[in-house]
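Reader: I would like to go through some local features of a model. Please take them one at a time.

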Amino acid sequence: MRQLIDKYDQLVAQGQNLLTPLLLLGVRFWAAEAFFRAGQVKIANWDSTLFLFEYEYQVPLLPFETAAVMATVVELCLPPLLALGLFSRPVALVLFGFNAMAVISYPVLWEQGFLDHQLWGLMLLMTVLLGPGRWSVDQFLRNRWIPSPQPQQV
């Protein structure tokens, strides 16, 4: 019976080793795509974006023009970094906060898009907590610049 359990554990570990990097890559791409498209919509019609930030969105503490520019910059600059897996954890954390602010400042989302924002928030938290995975620039740089420990010779 012990051999059967050990074999099962070994198969599960192999499956996780193969599928986890793919899952983390998919999560990064999915979240990045959602935010990048939102940024593209903002720059496609800047007058409409300014109107929404002035009259619809209720971003606290910032003038609406500043909030519109900041939101557009965040949505266009950070998603490519997330997709590449470069500075993944801090980028995902900033996007998580940005996502939370979008839900707080735009009450209509509670009725129409809240489930999407929950999903994106969960995906971003996965990246913050689990990292970007094996298939990321972060991992490539870590492997290149931080040598793996060499076994000590006796």
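This is a predicted model: local features need pLDDT of at least 70, side-chain atom pairs count only at pLDDT 80 or more; totals for chains, interfaces and linings use all residues.

Reader: How many residues does helix 3 have, and what span does it reach?

Author: A helix's end-to-end reach can be set against the span expected at 1.5 Å a residue. Helix 3, residues 64-84, has 21 residues and reaches 31 Å from first C-alpha to last, close to the expected 30 Å.

Reader: Where does helix 3 bend?

Author: The bend, about 30°, is at Leu78, and Pro79 follows within four residues.

Reader: Which residues of helix 3 are buried, and what covers them?

Author: Buried means under 20% relative accessible area. In helix 3 the buried residues include Ala67, Ala71, Val74 and Glu75. Leu78 and Pro79 are buried as well. The cover includes helix 1, helix 2, helix 4 and helix 6.

Reader: Which residue just after helix 3 takes a positive phi?

Author: That is Gly85, with phi of about 80°. In the loop between helix 3 and helix 4 lies Phe87, not a glycine, yet with a positive phi near 55°. Leu61, in the loop between helix 2 and helix 3, is another non-glycine residue with a positive phi, about 70°.

Reader: Why does Leu61 count as exposed?

Author: The cut-off for exposed is over 50%. Leu61 counts as exposed because its relative accessibility is 87%. Phe87 counts as exposed too, because its value is 51%.

Reader: Which residues make the nonpolar surface patch?

Author: Leu18, Leu19, Leu22 and Trp135 make a patch of about 440 Å². Leu18 lies in helix 1 and, at 60% relative accessibility, counts as exposed.

Notes
Residues are numbered from 1 along each chain as its sequence is written. Side-chain values use heavy atoms; hydrogens and water are left out. Helices (H or I, at least four residues) and strands (E, at least two) are DSSP runs, numbered from the N terminus. The expected span of a helix is 1.5 Å times one less than its number of residues. The bend at a residue is the angle between axes fitted to the seven residues ending there and the seven starting there. Buried means under 20% relative accessible area, exposed over 50%, partly exposed in between (1.4 Å probe, protein chains only). Contact means heavy atoms within 4.5 Å. Patches are made of residues with over 30% relative accessible area and no salt bridge: like charges are joined within 9 Å, nonpolar side chains (Val, Leu, Ile, Met, Phe, Trp, Tyr) within 5 Å. Accessible areas come from the Shrake-Rupley method with a 1.4 Å probe; for residues, only the protein chains shown count as cover. A salt bridge is a side-chain nitrogen of Lys or Arg within 4 Å of a carboxyl oxygen of Asp or Glu.
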